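Please look over the sequence and the model before reading on.

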Amino acid sequence: MMQNKIKSLILAGIISTGLLSGCGNKNSENTVKIAYLPITHSLAVLEEAQELEQENGIKMELVKFGSWSELLDALNSGRVDGASVLIELAMKSKQEGVGIKVVALGHHDGNVVVVSNAINSASDLKGKTFAIPHRQSSHNILLNETLAKGGLTTDDITITELAPTEMPSALASGQIDGYCVAEPFGAMGVSIHAGKVLYSSEELWEDSICCGLVLTDHFIEDRPEDAKQFVENYKKAGNALDTEKAMATAKQYFSQSEEVLATSLQWISYNNLEITEDTYNILTEKVKSYGLSDNPPAYSEFVKNDF
Ligand code: ZN
């Protein structure tokens, strides 16, 4: 009888442990945590989350952040499995030893240089104040390209780093004379008549790279099948993002007017998000020549296309 009791206790232990660990493992094994900022540049990852919810594959847990620095803290410390992030920030993390790979583009094009109504050409920016979100950004590169069009360099203007949400009102109040930042904040400046578009990104830098989808080495190595599936689903979601679908998803995640989103979405596309070696090498050249970094990671060590 004693033996039976022990047996049943052991059995109960096995069952409960089995159930608990079974449930726990299943959830964490199926979930991929992705960090994002509420900008139209991260729409492909938001679209993927929508599509995945309807399938029985891996589940995505979207983790929303209010600033790039908070998002990077989470990515660099491994609190998330990946992120949609400005590629230059990810390159910097990689350079500093963080184990991450960029596995796809965030989007094509999708940036504009917005200036006050008094400015009619790039050379008019001489002596003016211009805002970018972060020194490590394609917005900084696009600013350098803009200045070059007017025969200017960054020595001829004052550059300030501002939070994206503050830029439209800073332009309207005259605190700054222009800005370049992730969307929809360019469209917002235009919609409140604070300024106008001086250049779109494709006029300054053909096939520009701005945001990337990044995954941690930890996730890629521990869960190679999930990583492969995740990246395939991401590219599929990007290809499916026509204007109508992009608007529907954007309206669900962003608290912006339809007018702002419509303006913004006409500047951006999400099809074929693979990163080619040629476009990445052009990016690293610009990063070096405009002083963002002396030693950006090479394509072979940072970009992963072979899943
Ligand atoms: Zn971007």
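A disulfide is taken here as a pair of cysteine sulfur atoms within 2.5 Å. By this rule, the predicted model has zero disulfides.

**Cysteines**
- The cysteine sulfur closest to that of cysteine 180 belongs to cysteine 210, and at 8.1 Å it is too far for a bond.
- Cysteine 180 has a relative accessible area of 0% and is therefore buried.
- Cysteine 211 also counts as buried, because its relative accessibility is 1%.

**Largest pocket**
- The volume of the largest pocket is about 250 Å³.
- Its lining has 18 residues, and those closest to the pocket centre are Pro38, Ile39, Gly66, Thr165 and Phe185.
- By class, the lining of the largest pocket holds 13 nonpolar residues, four polar and one charged.
- This pocket lies between domain 1 (32–109 + 210–302) and domain 2 (112–204), because both give residues to its lining.

**Second largest pocket**
- The second largest pocket has a volume of about 160 Å³.
- Leu37, Gly66, Ser67, Trp68, Ser69, Pro133, His134, Leu162, Ala163 and Pro164 line the second largest pocket.
- Six of these lining residues are nonpolar and four are polar, with no charged residue.
- Domain 1 and domain 2 both contribute to the lining of the second largest pocket, so this pocket lies between them.

How values were computed:
Residues numbered from 1 in each chain as written. Predicted model: local features only at pLDDT ≥ 70, side-chain atom pairs only at ≥ 80, totals over all residues. Heavy atoms only, no water. 1 Å grid on protein atoms, 1.4 Å probe; cavity = no way out; pocket = protein on both sides within 12 Å on 5 of 7 lines; lining within 4 Å. Points joined across faces, edges and corners; volume = space filled by probe spheres on them. Nonpolar A, V, L, I, M, F, W, Y, C, P; charged D, E, K, R; others polar. Domains from an automatic or database assignment. Buried < 20%, exposed > 50% of the residue type's maximum accessible area, 1.4 Å probe, protein only.
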